[in-house]
Amino acid sequence: MPTTSRAPVSSASALSPRRRLLVLAICCMSLFIVGLDNTIVNIALPAVRRDLNASMSGLQWIIDAYTVVLASLLMLAGSTGDRVGRRRTFQTGLVLFTLGSLLCSLAPGLGWLIAARALQAVGGSMLNPVAMSIITNTFTEPRERARAIGVWGGVVGISMALGPLVGGTLVDSVGWQAIFWINIPVGLAAFALCALFVPESRAPRPRRVDPVGQALVIVLLATLTYGFIEAPAAGWGSPRTLGCFAVAALALACLAPYELRRTDPLIDLRFFRSAPFTGATVIAVCGFAALGGFLFVNTLYLQDVLGLSALHAGLYTLPMAGLTVLCAPLSGRIVGNAGPRVPLLVAGVTMTASGLIMTGLAADTPTWRLMAAYVLFGVGFGMLNAPITNTAVSGMPRAQAGVAAAVASTSRQIGQSLGVAVIGSLVTSAVAGPFAAGFPAASHIGWWIVAGCGLAILLLGILTTTGWARRSATRTAERLAHAPDRTADAS
């Protein structure tokens, strides 16, 4: 049956400047709690392990149960918002995320906590891409939209960088359950403000649901993550590990050709004809893999090797958080005025240098050396988010803003999932003898991966900001703008 095109429910671009700023603030509130939750949990992992008797793989699942579910559903949530209404989808996400946070704080065991984290992720998947779509449809003037996206990207960096500090304070003063309480009042306030100030909108031609593509994405991410996390216990060459990797490879091999044949694919592969868009996607994976691995390994080093409290460990990472807070809005302004090249080059150089400094980590590493690594990583990560987000949506049709933004958000979560799974498992496998004594040397392989991710960001930052890359983006935008509405021809 043909699908009837629908006009947007309201003209968000006709809102007053004050109303547009309120919409931006509401969207940033949701992003703040999602970003904060991504990193605040890391600092509580040692406390959760003691309280719930969790294994190392259990700690990895506390992080990756959230990020894998989030990554799996982001693109579906973006297209759902385009179809059923962005405000409605956004508010549903706020309810589920807030409820999941409450259940996390009440979890009596590890299994319950992991399940509640998955529920959180279902709600979180409806927030970031839909909020980005709301912003893109509210700020229609290119320069104003770039600045709004810069603010958005800055909130990503700020919230994720503040997580360890806020989490350390809450864990030491109240308990690990308190790290989830902080989401509840913010989620409820955002829900109420959204009902008052955010206009409803839909895409003129929403895409159809792609259940097969969605299932393949879930299988790919779940089996790949499971294989990496469980490999140290099961064995890297065990049938279970190899079977997981084989299923993931098969899902990937089926996904691309299937999506190419779809009239309305879950992942629109036409976007990837743009070199900047493809580069932004890979940069997001690399950058957030580095972040996920950095936070996971560094938290265990500070608390289990150095014996610091959660609050003290959070204070140690304050330079990283502070530099991210300072550099994130600066990066947004640079992107709005001069493009993404400079922030990407700075991010690549500083994140590579940070990883290299940590490759010599030992139990007696001087504090000044740790601080240097934290400062460099904070600068790099602060510079990273704005160019990723702006590049992902620039040049794409506004009607598909939710889908384009969801690809960028998905790339972030995939990167963080793989960072925790891959780096955490490789480091765990390399530990020899007692954990506290063997962990520093075992962590070196993880820090080399972080440095490699930074180098990839540097090289891609150069490649995707050339004249050739810009021309590919222009050609892709023109093709997308003049592509026929294929929905009417779909069976």
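Visitor: What share of the contacts with a separation of 6 or more comes from residues 24 or more positions apart?
Guide: In this predicted model, such residues account for 85% of those contacts in the protein chain.

Visitor: How many helices and strands are there?
Guide: The protein chain contains 19 helices and 0 strands.

Visitor: And how much of the chain is buried?
Guide: Of its 491 residues, 58% are buried.

Visitor: Let us turn to the surface. Which residues form a nonpolar patch there?
Guide: The patch is formed by Leu99, Leu102, Leu103 and Leu106. Together, these residues have about 340 Å² of accessible area.

Visitor: Where does Leu103 lie?
Guide: Leu103 belongs to helix α3, which covers residues 86-106.

Visitor: Why does Leu103 count as partly exposed?
Guide: Leu103 has a relative accessibility of 37%. The category runs between under 20%, which is buried, and over 50%, which is exposed, so Leu103 counts as partly exposed.

Visitor: A new topic, then. Which helix holds Ala246?
Guide: Ala246 is in helix α10, made up of residues 239-261. Ala246 also counts as partly exposed, because its relative accessibility is 45%.

Visitor: What separates the C-alpha atoms of Ala246 and Leu220?
Guide: A distance of 9.8 Å separates these C-alpha atoms, while the two residues are 26 residues apart along the chain.

Key:
Residues numbered from 1 in each chain as written. Predicted model: local features only at pLDDT ≥ 70, side-chain atom pairs only at ≥ 80, totals over all residues. Heavy atoms only, no water. Patch = residues over 30% accessible without salt bridge, like charges linked within 9 Å, V, L, I, M, F, W, Y side chains within 5 Å. Areas by Shrake-Rupley, 256 points an atom, 1.4 Å probe, with all protein chains shown as cover. Salt bridge = Lys/Arg side-chain N within 4 Å of Asp/Glu carboxyl O. Helix = DSSP H or I, 4+ residues; strand = E, 2+ residues; numbered from the N terminus. Buried < 20%, exposed > 50% of the residue type's maximum accessible area, 1.4 Å probe, protein only. Contact = heavy atoms within 4.5 Å.
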